[in-house]
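Please look at the sequence and the structure before reading on.

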Amino acid sequence: MKNKREHMILKKELSERDICTKYIQPALEKAGWNPLTQIREEVTFTDGRIYVKGNLTSRGKRKRADYILYYKPNIPIAIIEAKSNKFSVNAGIQQGLNYAEILDIPSVYSSNGDGFYEHDPTCSDGNVEKELSLDEFPSPEILWQRYKKYKGITTPEQERITTQDYFFDGSGRTPRYYQTNAINRTVEAIAKGQNRILLTMATGTGKTYTAFQIIHRLWKSKTKKRILFLADRNALIDQTKRGDFRHFKDKMTVIKNKKIDKSYEIYLALYQGLTNYDEDKDAYRKFSRDFFDLIVIDECHRGSAREDSAWREILKYFNSATHIGLTATPRETETISSTEYFGDPIYTYSLKQGIQDGFLAPYKVLRVGLNVDLEGWRPEQGKTDKQGLLVDDRIYNRKDFDKNLVIDERTEAVARKVTQFLKKTNRFDKTIIFCIDIDHAQRMRTAIANENSDLMAQNSKFVMQITGDNEEGKMELDNFINPEEKYPVIATTSKLMTTGIDAQTCKLIVLDSNIASMTEFKQIIGRGTRINEEFGKTFFTIMDFRSVTDLFADPDFDGDPVRVKELTEDEEFESFDDEIESDELITDEEGEEIVFDPPPNQEQPPEIIGGGDIINEPRAKYYVNGVNVAVLNERIQYMDGNGKLITGSLKDYTKQKVREQYQSLDDFLNKWNQADKKHAIIEELTEQGIVFENLKEAINKEMDIFDLICHTAFDQPPLTRAERANNVKKRDYFTKYGEQARKVLEALLDKYADEGIENIEDMKILRVNPLDQFGSPVEIVELFGGKMQYLKALAELEYEIYRNVA
């Protein structure tokens, strides 16, 4: 009895890791789980959200599961959250359930080493939750049966398809958790007979890799033998062929020039390469209607959302095949619906979630207000433009500029502001400027070139116009998106670069176009969301001259698609010509826009070419100069803890968030003084979206983070770090320590005055000058009698720094 009590006491002293090693792992192996292929410990499944701090960034905490159990690689069926023995056996169940929902895992367990607490959503023995001994943990087969029940997998054939192996290329690359969710859900749905599937995944989250794994698993299991991957731009097809799909090798072909070879199994095609808009000549009709088993439609919001589009004609022809739509932006308007055709998304991974997980780059918004935009501009009586045309007498505003009326000074003001921003950050940060049309993109290129004449003299490709009509610009597109290539640095464009462009290192997106379409706006924002840490790309800036970023506040920006189109039994189809929109184009087999000649005596429509760029408008543009254009106001907006832009002041936002955590100054002071590390409190508030570097910049005062919180949230008079450090020195606090230890503390205090409290709490500070002059970190802590005594002295120093505050 005494030995048992001693064992229990000793067990309470074990760490969480010790509990895993000594109790949980042996129990799993005893239950039949293979430690090499079925058990993964300490599985990190997010990268940690990136927080923008001025022009620097830091990552937040990563989500990590203690154990994930797999039936086969990438088919997770159970999760275990471990706790030390100081906690109850079910202490980790809430956290486990939270992770299980994210990871799409049914069976959840908590353990403190005494046993397991089980959550079984299938209620296999009548109970949702119950406690198990260490010897009662279920075997892989039992949990696989529960998984099948949970997922509705009922036949041997469905099981055969859903257990088909993933593709592994030996590089160690594995799908991220949300890709695994999308792949498994899709394969399971197809195994159960679903033939229309929609996957919604934010730009930059690997839709093509996800599609490849889905196709490969279905192809290898012989569930789908001939597969068509449809896209609407050459860039998308080329990226797909060179990227993940290269593993299909000689089984894959790209359909070009409408030449059909039926000996392949995987086909990549532009939909324009399959149709002539002529039933007798349509290339896709050379295939029999049942030739393809599976069709995957990339960027399906563009064409296949329309009932009378050329995409739909192809899909109708191959009606017996399974159709999977991939998009970052499902299309839902009064006349167009993605969900009407494909059904509701089987899985959604949003931009907001991607940013919170740290897989996508966050952004800050710089809104710039020009006087002519905010106040409007009216020509003086008799004003003529540069061509001698009399300018209509009315008030012109932001909707008119560069579409109906061009003010040279406005273009120059935008170019000047962009250049000023890049001079403050990095003049070689890749930048895309979205313009109204090609004429605007041409003029913007000239204005940027003139503002950067020194860099243009070094390389004429510093800024390039990349639009559908400009062959030289289009030839530089690959160089622009290649992180290894320095030039071009700045691209001026209209529509060509809104989608299908993998610009990993784009750090600045400039909006000088009147964008009203939510779909187009999402696609444009997607040009900046990719992360490339090797090249220093962890966030991007949106410079907005047209209040386009008001769309961030629209619930549709990051919400689930809601079907708007009304359906009737005898639905009349409106003509395709009536419905054509700027981001939904009729293009030829090379992805170039087809321009239809108007009937005689009819007003010439806008001419649209490859990528949707508008060459000329039917209405005359006025070109004027001699107008005073100036920046009236500008404002930086950051993202909050929930991924929304902070619309009020940073000071008000900080006050609100701090007071949500701490009701009074005393509450905050107690927490601050009791914290072993002040950095933990700072991290906690950062998770709420309070980034102190940005707040300091907004307040424009140099002060300690402690004072920043007290001053902002509780209206306390602030002290600078230097003032706090001097107060400590005046008290003769150091006299109780030996000479060398005293010098170490004085050096730490100076470091605090220079850099802040977070740095002196990190043991790495002991390796930095001047502290390294006192010896190695081990030798320094020995000056205090050991590590515990050193940490105690550091805690006392912090107490002295923040003494007598209230």
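## Report on the predicted model

C123 lies in the loop between β7 (115-119) and β8 (129-133), where helices (H or I, at least four residues) and strands (E, at least two) are DSSP runs numbered from the N terminus. The model is predicted, so local features need pLDDT of at least 70 and side-chain atom pairs count only at pLDDT 80 or more, while totals for chains, interfaces and linings use all residues. Residues are numbered from 1 along each chain as its sequence is written, and side-chain values use heavy atoms, with hydrogens and water left out.

**Backbone features**

Most residues other than glycine have a negative phi, and most peptide bonds are trans. C123, which is not a glycine, has a positive phi near 50°. This residue is partly exposed, with a relative accessible area of 30%; buried means under 20% relative accessible area, exposed over 50%, and partly exposed in between (1.4 Å probe, protein chains only). D715 also has a positive phi, about 55°, and is found in the loop between α24 (705-714) and α25 (721-730). At 54% relative accessibility, D715 counts as exposed.

P488 is placed in the loop between α17 and β20, and P770 in the loop between α27 (757-760) and α28 (777-782).

| Cis peptide bond | Omega |
|---|---|
| Y487 to P488 | about -10° |
| N769 to P770 | near 5° |

**Overall build**

The protein has 29 helices and 26 strands. Of its 806 residues, 54% are buried. Among contacts (heavy atoms within 4.5 Å) between residues at least 6 apart in sequence, 70% join residues at least 24 apart.

**An enclosed strand**

Strand β18 (residues 430-434) is largely enclosed by the rest of the structure, because 5 of its 5 residues are buried. On one side lie K430, I432 and F434, and on the other T431 and I433, all of them buried. Strands count as paired if DSSP finds at least two bridges between them. β18 pairs in the parallel sense with β21 (residues 506-511) over 5 bridges, and 4 bridges join β18 to the parallel strand β20 (residues 490-493). T431 has L508 as its bridge partner in β21 and stands opposite I490 in β20.

**Empty spaces**

Rolling a probe the size of a water molecule over the atoms shows where empty space is left. On a 1 Å grid over the protein atoms alone, a cavity is a set of points where a 1.4 Å probe fits but cannot get out, whereas a pocket is an open set with protein on both sides within 12 Å along at least five of seven lines; lining residues have an atom within 4 Å of a point. Grid points are joined across faces, edges and corners, and a volume is the space filled by probe spheres set on the points.

The largest pocket holds about 1,100 Å³ of space. Its lining has 38 residues, with G204, G206, D502, Q504 and R530 nearest the centre. Helix α8 gives the largest share of this lining, 4 residues.

There are 4 cavities of 30 Å³ or more. The largest cavity contains about 160 Å³ of space. It is lined by 18 residues, of which V52, Y638, M639, V691 and N694 are the closest to its centre.
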